[in-house]
Amino acid sequence: MPPAMFGYMRLTAGEDSSDEIQTIQTELATHATREGFSLERVFIERLGSDDESAFFTLVDTLKTSEIKHVIVPSLWHFARLPGLQAAMRDHIEREIGARLYIVQGVRTR
């Protein structure tokens with residue numbers, strides 16, 4: 001059985017359709033399989049929602065789980081600003097010790 005990885009995506013209010021979510025999840029799962037992993041769970045950040053931050057939930061889960069691999073469609077799913085993208089990436093990779101996989105070009109935001 002291949003090792004597991006988590007996925008993360010961010011949606012704006014206009015993108016929050018089940019078709020869009022399914023399309024992105026399928027792309028993440030396909031890429032995870034190509035890399036030799038199975039996609040365990042996808043954390044979905046919904047901008048404008050009152051729900052708890054999916055990024056913080058992902059970070060907490062990485063800290064308490066044996067899974068240390070995360071896949072995202074692109075760094076745009078972390079944030080629009082390059083500095084914030086780098087900070088979020090560093091937090092996952094350096095502070096938590098997880099490896100980040102980026103499916104650049106498959107889905108850009």
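1. The buried set of H1 comprises Glu20, Ile21, Ile24, Leu28, His31 and Ala32. These residues lie on the same side of H1 because they cover an arc of only 105° around the axis, the arc being that of the directions from the helix axis to the C-beta atoms.

2. This is a predicted model, in which local features need pLDDT of at least 70 and side-chain atom pairs count only at pLDDT 80 or more, whereas totals for chains, interfaces and linings use all residues. Residues are numbered from 1 along each chain as its sequence is written, and side-chain values use heavy atoms, leaving out hydrogens and water.

3. Helix H1 (residues 18–34) has 17 residues and spans 24 Å from its first C-alpha to its last, close to the 24 Å expected at 1.5 Å a residue; the expected span is 1.5 Å times one less than the number of residues. Helices (H or I, at least four residues) and strands (E, at least two) are DSSP runs numbered from the N terminus. Just after H1, Gly36 takes a positive phi of about 90°.

4. The cover over the buried residues of H1 includes strands S1 (4–11), S2 (38–46) and S3 (69–72), contact being heavy atoms within 4.5 Å.

5. Four strands form an open sheet in the order S2-S1-S3-S4, with parallel pairing; two strands pair if DSSP finds at least two bridges between them. S2 and S4 (99–102) are the edge strands, each pairing on one side only. S1 and S2 pair in the parallel sense over eight bridges, and Phe6 stands opposite Arg41 in S2.

6. Helix H2 (residues 54–64) lies across S1, S2 and S3 and runs at about 145° to S2. Axes are lines fitted to C-alpha atoms, for helices over the stretch in contact, and angles run from 0 to 180 degrees between N-to-C directions.

7. The structure holds six aromatic pairs; rings of Phe, Tyr and Trp (its six-membered ring) pair if their centres lie within 6.5 Å, and planes under 30 degrees apart count as stacked, over 60 as edge-to-face and the rest as tilted. Phe6 and Phe43 form an edge-to-face pair, 5.4 Å centre to centre with 85° between the planes. Both Phe6 and Phe43 are buried.

Methods: Buried means under 20% relative accessible area, exposed over 50%, partly exposed in between (1.4 Å probe, protein chains only).
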